[in-house]
Amino acid sequence: MTSLYEVSREELSALLEGQPRYRVDQIWHGLWNTNETLATLSTIPKALRASLSAQFPSSLRVVDEVASDQGATRKWVLELHDGSTIETVLMHYEDRATVCVSSQAGCAMGCTFCATGQAGFSRQLRVGEVIEQVLFAARAAAPRRLSNVVFMGMGEPLANYPVTVEVLRRLQAYRGMSARHLTVSTVGVAPAIERLAKEGLPVTLAVSLHAANDETRNELVPLNRRYPLARLHEACVVWNETTKRRLSFEWALIDGVNDTPRAAQELAAYASGLAAHVNLIPLNPTPGFLVRGSTAERVRDFRDHLEALGVNVTVRQTRGRSIAAACGQLANVAKAKRTTVRLRTT
Ligand code: SAH
Ligand code: SF4
């Protein structure tokens, strides 16, 4: 099933053969540069809207909506045409609105602390299914402008590489979003980071590091066995050198596991040769992971220690925890099988 957000302008032209030429521009503009849907595009004759809507139904159906932070964070459970479900989160900040999109239904990477990873993989999302999440959130954000997209929902965007890159290109070229406001978050698929660096897309890259020694990272992020820290480091160097842009390291603080003075030293050493910024958040609770997030005090101490070691570091605010809308808490996968993992603490 194709989405209208997957067709090119030429294909749209061909679809509208027999219609006056300005219709192509009107519809293209309406789809990409307004917050309308086909159904509400009142400049287009009703019969044409109806036939296009029948041919290209919306990819997403809302099955649940929850809000927290006085409405500043909203999460939707969206059903796709085959019954798979994904989650999309909209976050309002003072100066901007950001949507957190899913790139896959579920995730095959199996990170032990992540609800999506605990639930397993259903399928890749299509280009239209990702873009429609963005436009859906843009409508919900209005009148505020949706300026930022982060690929921090369900799934590993670099394991759905062609779709991710096409979505980034389309949002930049057709929606007019600034590439630097588009953030790809990856668990560390090293060759794909290097490939992305060469796409000529000045997007923002976030690498979910969480540990800077292989023993701990192997336990948290199974993909580390395939692309260990040294290999990931090479990819980060390629990113810095090819794009001339810095990257960010995401670090979810887990009590007694990666919030220790030793962990801070390892992270500082790992980041030292790179243009990198570290984002800290306390681990969000998930049903399958028995170790707690660090206390606010330990988060502060860890940050101070990193700063003393010369690392650029920010503590990120967590949004939507109470509605399971925060990073790593998205798990609304149909028929999900959960596993519980015990982790050794030091
Ligand atoms: N697969 C990609 C993007 C989706 S996960 C990735 O892993 O980067 C989005 C972010 O949530 C990642 O930084 C991930 O490490 C983080 N995350 C996963 N589980 C979490 C949890 N329980 N608490 C806090 N952050 C978590
Ligand atoms: Fe997948 Fe990212 Fe969760 Fe790991 S943290 S399981 S890569 S969604």
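I take a polar contact to be a pair of N or O atoms within 3.5 Å. The model I am reading is predicted.

**Entry 1: polar contacts of ligand 1**

With that cut-off in hand, I looked up Thr186, where a polar backbone atom is 3.4 Å from an oxygen atom of ligand 1. For Ser185, I noted a polar side-chain atom 2.7 Å from an oxygen atom of ligand 1. For Gly155, I found that a backbone N or O atom lies 2.9 Å from a nitrogen atom of the ligand. I then looked up the cover: ligand 1 has 530 Å² of accessible area on its own, and the protein covers 95% of this.

**Entry 2: the shell around ligand 1**

I recorded 20 residues around ligand 1. Phe113, Ser185, Ser208, His210 and Asn284 are listed as the closest. By class, I noted nine nonpolar, nine polar and two charged residues in this shell. I also looked up the cavities and found that the largest cavity is the space taken by ligand 1. Which elements give two or more residues to the shell around ligand 1? I found strand 8 (182-186) and strand 10 (247-253).

**Entry 3: ligand 2**

I next turned to ligand 2, which sits in the largest cavity. Around ligand 2 I listed Cys107, Met109, Gly110, Cys111, Cys114, Gly117, Gly155, Glu156 and Val187. By class, the shell around ligand 2 has five nonpolar, three polar and one charged residues.

**Entry 4: salt bridges**

How many salt bridges does a search of the whole structure find? I recorded 18. I examined one of them, between Arg61 and Glu79, in which the closest N and O atoms are 2.9 Å apart. Arg61 lies in strand 1 (residues 61-68) and Glu79 in strand 2 (residues 73-79), so I note that the pair ties together parts that are 18 residues apart in sequence.

**Entry 5: backbone geometry**

I looked up Asp69, which lies in the loop between strand 1 and strand 2. Asp69 has a positive phi of about 50°, although it is not a glycine.

I then looked up the peptide bond between Ala142 and Pro143 and found it to be cis, with omega about 10°. Where does Pro143 lie? I placed Pro143 in the loop between helix 5 (127-141) and strand 7 (146-151).

Key
Residues are numbered from 1 along each chain as its sequence is written. Chains are lettered from A and ligands numbered from 1 in the order in which they are written. This is a predicted model: local features need pLDDT of at least 70, side-chain atom pairs count only at pLDDT 80 or more; totals for chains, interfaces and linings use all residues. Side-chain values use heavy atoms; hydrogens and water are left out. A residue is near a molecule or strand if one of its heavy atoms lies within 4 Å of it. A polar contact is a pair of N or O atoms within 3.5 Å; within protein, one must be able to donate a hydrogen and the other to accept it, and residues adjacent in sequence count only if both atoms are side-chain atoms. Accessible areas come from the Shrake-Rupley method with a 1.4 Å probe; for residues, only the protein chains shown count as cover. On a 1 Å grid over the protein atoms alone, a cavity is a set of points where a 1.4 Å probe fits but cannot get out, and a pocket is an open set with protein on both sides within 12 Å along at least five of seven lines; lining residues have an atom within 4 Å of a point. A molecule sits in a cavity or pocket if more than half of its atoms lie within 2 Å of its grid points. Helices (H or I, at least four residues) and strands (E, at least two) are DSSP runs, numbered from the N terminus. Ala, Val, Leu, Ile, Met, Phe, Trp, Tyr, Cys and Pro count as nonpolar, Asp, Glu, Lys and Arg as charged, and the others, Gly among them, as polar. A salt bridge is a side-chain nitrogen of Lys or Arg within 4 Å of a carboxyl oxygen of Asp or Glu.
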